[in-house]
Amino acid sequence: MIADFREIIKGDRVRANTPPEINEAIDREIAASVRFYAGKTDYEISRRIEELCSEWDIGRHVETRAAVISIVGLVLGFKRGRKWFVLPLIATTFLLLYAVLGWAPPVPFLRKAGIRTRQEIDVEKYALRVLRGDFDDLFYQENRTENAENFSEIDDV
């Protein structure tokens, strides 16, 4: 069974620019994780949710790598020669491409390595929160309101 998260993760530019087989692999990984934690305690689920909150998404990876390459290029440009100033130019160009299109040359490699978007991480996090019962009170209140409305209709008859 392969989970289909396309409806949940609409408008994700990185997913739109990622080959379907990579998206499907990431979706399978999310579904497997949720199935694995379905049989775990609330404590174990909470620990996984904490891990997900600190997981770096692809945007953070792209931004960090661009910053490191820019700094290295600037230092080398000032110490070794002007030709090294091309590195910050390339890094900022990639960063601009990523900001505008959700794609840059390093993105396919990061996606193949399993780096997820923030939305993909959030899908797993919220599925685990449902398993943990975080939204049970909302469901209970909603049902209570519906039942109260149903009972008031019976009283009207």
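Q: How does Asp134 count in terms of relative accessibility: buried, exposed or partly exposed?
A: The general idea is that a residue is called buried under 20% relative accessible area, exposed over 50% and partly exposed in between, with a 1.4 Å probe and protein chains only. Here Asp134 has a relative accessibility of 28%, so Asp134 counts as partly exposed. This is a predicted model, in which local features need pLDDT of at least 70 and side-chain atom pairs count only at pLDDT 80 or more, while totals for chains, interfaces and linings use all residues. Residues are numbered from 1 along each chain as its sequence is written, and side-chain values use heavy atoms, leaving out hydrogens and water.

Q: How many helices and strands are there in the chain?
A: Helices (H or I, at least four residues) and strands (E, at least two) are DSSP runs numbered from the N terminus. In this chain there are eight helices and zero strands. Of the 157 residues in the chain, 29% are buried.

Q: What percentage of contacts in the chain between residues at least 6 apart in sequence join residues at least 24 apart?
A: A contact means heavy atoms within 4.5 Å. Among the contacts between residues at least 6 apart in sequence, 72% join residues at least 24 apart.

Q: Which residue makes a polar contact with the side chain of Glu120?
A: A polar contact is a pair of N or O atoms within 3.5 Å; within protein, one must be able to donate a hydrogen and the other to accept it, and residues adjacent in sequence count only if both atoms are side-chain atoms. Glu120, placed in helix 7, makes such a contact with the side chain of Arg111 at 2.8 Å. Glu120 is buried at 0% relative accessibility, and Arg111 is buried as well. Leaving aside neighbours within four places in sequence, Glu120 also touches residues including Ile9, Arg15 and Asn23.

Q: How many salt bridges does the structure hold?
A: Side chains of opposite charge can pair when their charged atoms come close. A salt bridge is a side-chain nitrogen of Lys or Arg within 4 Å of a carboxyl oxygen of Asp or Glu, and the structure holds 12 of them. One of these joins Arg48 and Glu51, with the closest N and O atoms 3.0 Å apart; because they are three residues apart in helix 3 (residues 42-54), the two are separated by about one helical turn. Arg132 forms another with Asp134, at 2.5 Å between the closest N and O atoms. Salt bridges that share partners also join Arg48, Glu51, Glu55, Arg116 and Glu124 into one network.

Q: How many aromatic pairs are counted?
A: Rings of Phe, Tyr and Trp (its six-membered ring) pair if their centres lie within 6.5 Å, and planes under 30 degrees apart count as stacked, over 60 as edge-to-face and the rest as tilted. The count comes to two aromatic pairs. Phe36 and Tyr37 are edge-to-face, 5.0 Å centre to centre with 90 degrees between the planes; Phe36 is partly exposed at 48% relative accessibility, whereas Tyr37 is buried at 15%. Phe78 and Phe85 are likewise edge-to-face, at 5.2 Å and 80 degrees, and Phe78 is exposed, with a relative accessible area of 68%, while Phe85 is partly exposed at 30%.
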